[in-house]
Amino acid sequence: MHVVVTGGAGFIGSHLCDALLSRGDTVWCVDNFCTAQPDNIAHLMDVPGFRRVRADVSDGLDIPGSVDAVAHLASPASPPDYDRMPLETLAVGSRGTENALRLAHEHRARFVLASTSEVYGDPEVHPQHEDYWGHVNPVGPRSVYDEAKRFAEALSAAYRRRLGVNTGVLRIFNTYGPRMRPYDGRVVSTFIRQALAGAPLTIYGDGRQTRSFCYVDDLVRGIVAMLDTTEPGPLNLGNPSERTVGELADLVLAVTGSRSGIAFRPLPVDDPARRRPVIERARERLGWSPRVTLEDGLRYTVAWFMNRVPHGERVEA
Ligand code: NAD
Ligand code: UDP
């Protein structure tokens with residue numbers, strides 16, 4: 001297949017490029033590098049079948065040659081990133097998604113949207129299944145991301161209904177692994193960086209809020225499976241093993257062997273209290289379920305971070 005991956009130089013996108021290339025697909029990686037690390041794709045630059053296009057998807061998307069599938073991942077994704085780039089986030093969720101959908105329409109290609117568990121907002125239903133419509137503050141600080149993704153889902157559904165485009169929506173839950181930016185502000189990367197530096201782990205609020213963390217290889221297997229079907233979704237992709245942020249901090253300390261303490265900080269506005277995916281649909285329709293435990297996934301991620309962030313007073317586990 002000839003696959004366009006928007007956001008292909010990002011954390012998840014670069015792993016998706018790896019997976020597609022390794023099965024023989026041709027990949028067009030389109031990225032404006034606003035939150036990418038160029039290192040993520042440095043190893044792919046000489047791989048036959050890999051093409052990098054530096055472009056802002058919100059301005060347009062022009063691919064010379066045939067296209068069989070479009071995986072639309074371009075968007076700031078970490079709360080500090082979309083807080084810093086609110087207009088860009090809304091633009092890529094709306095205009096960027098429309099440009100990606102137009103490309104898929106033009107080429108009669110499969111289209112897969114990387115949507116998010118954030119469409120459920122601060123959920124009043126727990127755990128979250130795909131039929132839950134969510135609880136989002138439309139004007140709060142997270143709304144630029146949440147509403148952009150909700151609009152992107154609506155646009156994908158409309159392109160399917162009105163124009164017959166083969167669209168599919170994935171709602172991705174918190175994902176972690178190698179190639180996260182150490183300073184992206186997300187909880188896993190932040191805790192690992194702090195633990196390795198011997199700095200206190202910053203828990204926002206009392207640490208009793210929950211998330212369900214999925215290892216990136218598991219997630220990418222699900223995205224590839226979705227690209228290979230005509231499934232419209234929406235489908236949740238995530239690891240249903242739910243942990244409190246406090247438990248995550250303890251686990252990171254154990255895996256790194258760090259003696260870092262904990263520093264409590266105020267909880268950000270509209271921070272969701274609980275989050276856990278119901279994944280029965282993805283199991284049934286894609287034959288997908290996650291395989292990597294949080295403990296193992298953290299070990300792999302810490303090993304990757306060890307060579308990339310400064311170490312402080314570390315004690316080997
Ligand atoms: P990331 O920030 O590492 O990757 C996003 C990529 O998109 C970056 O390379 C960035 O430069 C690029 N990008 C952003 N705006 C662009 C634009 N206008 N034009 C071209 N490129 C642009 O984030 P990620 O964690 O890899 O997330 C990838 C996708 O998955 C995002 O759409 C995100 O919303 C979604 N998602 C991620 C998670 C997660 O936990 N990581 C959870 C839910 C959904
Ligand atoms: N969080 C935290 N300390 C940090 C960064 C995040 O306690 O240094 C919390 C954050 O408030 C949220 C959870 O960890 O409750 C997950 O945050 P993240 O930004 O990784 O993902 P999201 O909130 O988008 O699910």
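These are my notebook entries on a predicted model.

**Ground rules.** I number residues from 1 along each chain as its sequence is written, letter chains from A and number ligands from 1 in the order in which they are written. In this predicted model, local features need pLDDT of at least 70 and side-chain atom pairs count only at pLDDT 80 or more, while totals for chains, interfaces and linings use all residues.

**Entry 1: domains.** I looked up how the protein chain is divided. Domain 1 covers 2-175 + 213-237, and domain 2 covers 177-211 + 241-275 + 292-315. These bounds come from an automatic or database domain assignment. I find the C-alpha centres of domain 1 and domain 2 to be 25 Å apart. Domain 1 gives 27 residues to the contact and domain 2 gives 20 residues. Contact here requires C-beta atoms, placed from the backbone, within 7 Å. On the side of domain 1 that touches domain 2, α1 (11-22), α3 (79-84) and α7 (216-227) each give two or more residues. Helices (H or I, at least four residues) and strands (E, at least two) are DSSP runs, numbered from the N terminus. I count nine nonpolar, 13 polar and five charged residues on that side of domain 1. Ala, Val, Leu, Ile, Met, Phe, Trp, Tyr, Cys and Pro count as nonpolar; Asp, Glu, Lys and Arg count as charged; the others, Gly among them, count as polar.

**Entry 2: the core.** Next I checked the largest nonpolar core, which holds 81 residues. A nonpolar core is a set of buried Ala, Val, Leu, Ile, Met, Phe, Trp, Tyr and Cys residues joined through C-beta atoms within 7 Å. Buried means 20 or more other C-beta atoms within 10 Å of the residue's own, exposed means 12 or fewer, and partly exposed is in between; C-beta atoms are placed from the backbone. Val5, Val70, Ala71, Leu170 and Ile223 touch the most other members. Helix α7 gives the largest share of this core, seven residues. Domain 1 and domain 2 both give residues to this core, so it lies between them. Leaving out residues up to four places away in sequence, I see Ile223 touching Leu16, Ala71, Val112 and Leu170.

**Entry 3: strand β1.** Strand β1 (residues 2-6) has four of its five residues buried. It pairs with β2 (residues 26-31) in the parallel sense over five bridges; pairing needs at least two bridges found by DSSP. Val5 stands opposite Cys29 in β2.

**Entry 4: ligand 1.** I listed 28 residues around ligand 1, the closest being Gly7, Gly10, Phe11, Thr35 and Ala36. A residue counts as near if its C-beta atom, placed from the backbone, lies within 6 Å. α1, α4 (86-107) and β5 (110-116) each give two or more residues to this shell. The largest share, three residues, comes from α1. By type, the shell has 14 nonpolar, 12 polar and two charged residues.

**Entry 5: ligand 2.** Ligand 2 has 14 residues around it, and Arg186, Val187, Thr190, Thr202 and Tyr204 come nearest. α6 (187-197) and β8 (201-204) each give two or more residues. β8 gives the largest share, three residues. I sort the shell into six nonpolar, five polar and three charged. Both domains give residues to the shell around ligand 2, so it lies between them.

**Entry 6: helix α6.** Is α6 enclosed or open? It is largely enclosed by the rest of the structure, because 10 of its 11 residues are buried. Val187 and Thr190 are among them. Its buried residues pack against β7 (175-176), β8, α8 (245-256) and α10 (294-306). Gly198 follows α6 with a positive phi, near 75°.

Terms used. Two residues are in contact if their C-beta atoms, placed from the backbone, lie within 7 Å.
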